[in-house]
Amino acid sequence: SSAMVVEPHTQAASHGTPICAAALAVHTVLCLLGCSALSVLLIGCTPPLPSDRTSGTWRPAVTWLTKGVHAQSCPRGYIPYTGHLSKGGVVLEDGETDTMEGCGQRCDERHDCLSIEFSPQEQLCIVNNMGGQPEEKQMRDYQFCEKPLAPSIRDLLLKPSECVEQEHAQIKAGGSVRVYVVGSSNVLWMTWVDQLHLYLLRLGYKVPAVPAKHNVTHYPSLPQTCDDTQYFTDLKTTRLGKIGWHSWDFAYEDWADCVRDVPSDTKGYRLVANHKVKCEHGPGCAFGRDTIPASGIAEDASWSDITLVTTWFNDDQPDALKCFYGERIPRQDIANMSITGLLRTVRIIHNRNPDVWVLIMGKYSNFRQYPFPWVEDLHAIVKAAVEKEPRTLFIDYDKPDPGHWNAWELWQKAHPNHPNCRGSKLMAHAILERLFKEQVLARSIRLVDKKTYLNYRNCAELTGSACHTSVLCWIDPEDGQCKTYGGGSEHYYKHADLMAHLSGPNVETFKK
């Protein structure tokens, strides 16, 4: 005989069955009257427990009923949805997971698992590591359950007063934000990527690691130790970083278009914006010809919601002059060379997946005590060019009035000419603010009165959003107090999860 099918709503604002939603409303009223016990008897929806709460919203346990099969509820604390996630799912066919509860236990054992799908009919379990919420229609009788936040993350969630929210954004609060990063040494020697990841988690998003294949890592290789390193050092964010590479090094498939004018030129050159560039990678175009095809970068980026690009930071550096066969190229022409490389990268990514947001990161002029006027002009030129492309944004950074940064207070000693922990915080803020402005993110961090607080130094006088706004301050989760946010260690450390150990006088091993 047929059984009634009771399905949960798919929208985040109304999880649970319509019946349970009604029970929740009655439960709320009765709780106000001091009669919470009576409300539990109404329908069999369990009352809210701390483990059932996510971002302040109770999702009651839901039971699915399917024809001829006994229904199984989501594991305790898991959040029910209707739908399917095709990305990043692993089907467990070892014969050891034939119940919903067992499927949840397997997910709990996996740090990267964000949700499960279980089929009572087929007795198969899918563990998803690419998202906590469904993005497609339900697959057969598979029941979708989102894993609850880990206590370590739940304890770090920002307060509602520290956030801003909006409707009609692409990625809802609590949704998944898949991040991929491609660029030069800043991807490996700075913490801006990792601070961004931590902010997204603290805002309630899931941040799955993109399953990239082409020469990537999930951690910075030689970063500083920051005051908050213990909270982000284990976070996996997929990145491709190549020290000293230029925008054109990432933008081509191979060396097939290289030509030689004389036999002695063994490597040859290619034309980039009508200028000769040696066909070799790295500083001075002198560090080998091992290629990472642009199509491979695009394939990896296609898994992301947001791809961050810093490939052009070295194009105008002194070493780059060695790439140009002695030609003194005007800086306006180098800007056009950067634009050529950036547009090739953006377009090949969008040819693979037009839904990816590509963010071109600005250079660091605003981090200096007195910004370079030319870099301001350069940013305007590059922004105008790249933002003509769909879903492409240029990220610039806030700054106080000239002279209001102290000299070098945003710069590392561990890696000269790279911003420190404070500078990385400024970069992370800029990304979040632009994504919120463009209605990509429904929730972001609340920053207030930047003219007053961006470089505010008396941190003990600040609380909440004012403390977050200052890049020189931070709120210590241990006691909730606003404290000075240091520039970071004078030395770098080798990430504990990377296999190779780098020895030497300028390395310290970080231990939580």
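1. The side chain of tyrosine 78 reaches the backbone oxygen of glycine 104 at 3.2 Å. The model is predicted: local features need pLDDT of at least 70, side-chain atom pairs count only at pLDDT 80 or more, and totals for chains, interfaces and linings use all residues. Residues are numbered from 1 along each chain as its sequence is written, and side-chain values use heavy atoms, without hydrogens and water.

2. Tyrosine 78 lies in the loop between strand E2 (57–58) and strand E3 (79–81). Strands here are DSSP runs of at least two residues (E), helices runs of at least four (H or I), numbered from the N terminus. At 5% relative accessibility, tyrosine 78 is buried (under 20% relative accessible area, 1.4 Å probe, protein chains only).

3. What does tyrosine 78 contact, leaving aside its neighbours within four places in sequence? The partners are Gly104, Cys107, Asp108, Ile116, Cys145, Glu146, Lys147 and Pro148 (contact: heavy atoms within 4.5 Å). Cysteine 145 is 67 residues away along the chain, yet the two C-alpha atoms are separated by 5.7 Å.

4. Helix H8 (residues 294–301) packs on helix H9 (residues 331–352) at about 55 degrees, with axes 8 Å apart. Axes are lines fitted to C-alpha atoms over the stretch in contact; angles run from 0 to 180 degrees between N-to-C directions.

5. H8 contributes Ala294, Ser295, Ala298, Glu299 and Ala301 to the contact; H9 contributes Ile348, Ile349 and Arg352.

Definitions and conventions: Buried < 20%, exposed > 50% of the residue type's maximum accessible area, 1.4 Å probe, protein only. Polar contact = N/O pair within 3.5 Å; in protein donor to acceptor, adjacent residues only side chain to side chain.
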